[in-house]
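Open the model in your viewer and keep the selection tool at hand. We will go stop by stop.

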2 protein chains.
Amino acid sequence: MSLVRIGDTLMKDFTYYSPTKFVFGQGVVDKLGPQMADMGFGKVLLVFGRGSVERSGLLDKVRASLEQAGIAFVEKGGVRPNPEVNWVREAISLARAEKVEGLVAVGGGSVIDAAKATGFGVPYEGDVWDFFAKKQPIGKCLPIAAVLTIPAAGSEASGSCVISNDAENLKLGVSGDVFRPKLAIMDPTVTFTLPAYQTAAGVTDMIAHVCERYFSGVGPVPVTDNIAAGLIRALLEAGPRALEKPDDYEARATIMWTGMLAHNDLAGCGRSLNPTARAGGWESHGLEHELSAHHPQITHGAGLAVIMPAWMRYVWREDPSRFLLFASDVFGIEPAYDGSASQEEAVEQTVLAAIDKLQAFFQSLGMPKTLGDFGLSPDDVDSLIETLRISKGEVFGAFKKLTMDDARAIYLSAF
Amino acid sequence: MSLVRIGDTLMKDFTYYSPTKFVFGQGVVDKLGPQMADMGFGKVLLVFGRGSVERSGLLDKVRASLEQAGIAFVEKGGVRPNPEVNWVREAISLARAEKVEGLVAVGGGSVIDAAKATGFGVPYEGDVWDFFAKKQPIGKCLPIAAVLTIPAAGSEASGSCVISNDAENLKLGVSGDVFRPKLAIMDPTVTFTLPAYQTAAGVTDMIAHVCERYFSGVGPVPVTDNIAAGLIRALLEAGPRALEKPDDYEARATIMWTGMLAHNDLAGCGRSLNPTARAGGWESHGLEHELSAHHPQITHGAGLAVIMPAWMRYVWREDPSRFLLFASDVFGIEPAYDGSASQEEAVEQTVLAAIDKLQAFFQSLGMPKTLGDFGLSPDDVDSLIETLRISKGEVFGAFKKLTMDDARAIYLSAF
């Protein structure tokens, strides 16, 4: 282990602020209204997706809890996966017309992100897309409560919000503390009915959230690294259990809680080169966002299952020690310095074995392995690069600076 | 590992709320005033201890930062280790007379706890000791900012506050979310000058905070258990480094950040038998509080270094699997089921080896091993039991219910 930590760098300065109140457990949906009343929520806009929360009866429980607590609300459903800016614009108009003072999101990351964008869009006079186009810094935001139904994006606590713009073929994200939810209601039993594919994509997304921070171009930060590896190991154990037995409470609870911790920035403390920004270059997310913006059939997590290992194989030589620590702490793989290979070969074998193990895990959950599995062909790469350039500029990334040529090579290596 | 996790129990329902904003890094004291202004702090009472922050120049930096940000303040120093209720009563009077709206604590756990007690004492008409005597539930609290100088107690983020009452020979704690600090300024460089003994006692206290939750009478909660073990491993690595080289930034930073995480309740999520209470029975803390209440020369962490291993040896048979997981995940010790001993013997050897390793680590930091090292004799135990009974009642504890006879046996075993 000490070999791995040669070349220690200092724990970087950071601000960590995760003010969400989490109410976690069986049946906690009933606590939504009372908690919101305690926290001083006024009239809210109740936001949800396209019917599953209605069919499951969850939305009725939410309505009943709000009513019993005396919280007035209006409703707007119809948030789609990869939520679109036009829905947000409509929601902003409705929120203003109804003079709501907060939002309740019932759903997964898409619904919560749609609520966040509505929340910081309402107090802003211009068009909400200005924030995503980086024409305008985010100011105020209405308070948000989230009832989580799909653990994956970590949006119930994160300072992240990603919205698609179909007209411009863009999917862009913003960061900020002001729109972190005030309250998150997390009942693992509501995830018992999640389809296997969605469960698997969620677990993949969570692991990616940890990895983006883990491979952030900063040397070891032992306490944060230990937490990160512990989160991933918990997911490696719980993911297959939830697929095998969808009502395994402990597996579902582990996935739900770990998914939050994977993205509330705990796993990035001390790992950011910029003390006012999130740790990591978010290379895999950047590459994946183009995929699902151009090809909406691609679930974000499934895209990551393909892109992240390809990115890792392309960049690991930039800092092999980081990947050796990952191999050791996540998978228990150590280089065999036994003379059967040179030290350099032993390192390469270990790093590639760890990346292979990670990709094999994703596949074991039913995730695809190549971009071809999504029906894409190498000819589709040019259009991805075209919008990636708009999203990220000519060069992006923290672990290794990636040019558009690098990005093209990574996409092509994923076929 | 799978053997260890036989007998899984469900992750328990919980609420997790750690709303403190943490500003961490070199020179961050300068950010105190601007951050407080951003957060809307009004006039504050500036609270500190007995001179070291004055001598080091830190207090002047704090004053300058407040002044530059336009935050008015009055001062009250003199908080002693194991802060006393009479100091708190004086501070409450001063805060009322000066009409302060918040508090800034510059110090370690004692100073922050004194600020907390003042903060929830001000809005209460009766005597502040009523809260500790459990005559009155805590209501409101003035907002608190903390500039941490001694990492140990975790008070900069915790919902804990412990105050001594000399007249009654009591040291009692209260819990609650309302007095968690809003802001914590954490600069590891201010801890470079901490004496070795205080550093060691702090690290011991942090490990105890994790262990009280780890051995809470609840079965495995993999994600929380992984985090807990990761926190302890980080301290096992950083503690000796900080003693060897007091200005080792990374070691100091690891200790400071881990100390917070050890006690903000992250390490207890899902591990509480009561969803509205902190995880754990806090047996070692309960036993230690009597020691330092009766014998003020005993530093809390040093008392824990003696009491916790004694408690562990007394109770481990209640759930050996829990201690086996601890042995494996913290120290990498696995039972040798190789036929050289019965399975029962192998388990006992492993558990006792882990407890021995933990105690040896405390000793390697310079902590005492026995109550005799503090100059106590077995004759002193009766008076400890007398006040323990007042603090805890006839029976207390979560991992194993302890009677006063059990408590006596644990104290006596620590000689």
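One cut-off first: a residue is buried if 20 or more other C-beta atoms lie within 10 Å of its own, exposed if 12 or fewer, and partly exposed in between. Keep in mind that this is a predicted model.

**Stop 1: a helix residue.** Select 343–364 of chain A. This is helix α13, and Gln349(A) is found in it. Is Gln349(A) buried, exposed or partly exposed? It has 16 other C-beta atoms within 10 Å, so Gln349(A) is partly exposed.

Stop 2: Where they touch, domain 1 of chain A gives 18 residues and domain 2 of chain A gives 23.

Stay on the domain 1 side of that contact. Select β7 (160–165) and β8 (170–175) of chain A: each supplies at least two residues there. The largest share, 4 residues, comes from β8(A). By class, this side of domain 1 of chain A has 9 nonpolar, 7 polar and 2 charged residues.

**Stop 3: the core.** The largest nonpolar core has 285 residues. Which of them touch the most other members? Select Val47, Ile185 and Leu231 in chain A, then Val47, Ile185 and Leu231 in chain B.

Finish on Val47(A). Beyond its neighbours within four places in sequence, Val47(A) is in contact with residues including Lys76(A), Val79(A), Ala91(A) and Leu103(A). Ala114(A) and Ala115(A) are also among its contacts.

Key: Residues are numbered from 1 along each chain as its sequence is written. Chains are lettered from A and ligands numbered from 1 in the order in which they are written. This is a predicted model: local features need pLDDT of at least 70, side-chain atom pairs count only at pLDDT 80 or more; totals for chains, interfaces and linings use all residues. Two residues are in contact if their C-beta atoms, placed from the backbone, lie within 7 Å. Ala, Val, Leu, Ile, Met, Phe, Trp, Tyr, Cys and Pro count as nonpolar, Asp, Glu, Lys and Arg as charged, and the others, Gly among them, as polar. A nonpolar core is a set of buried Ala, Val, Leu, Ile, Met, Phe, Trp, Tyr and Cys residues joined through C-beta atoms within 7 Å.
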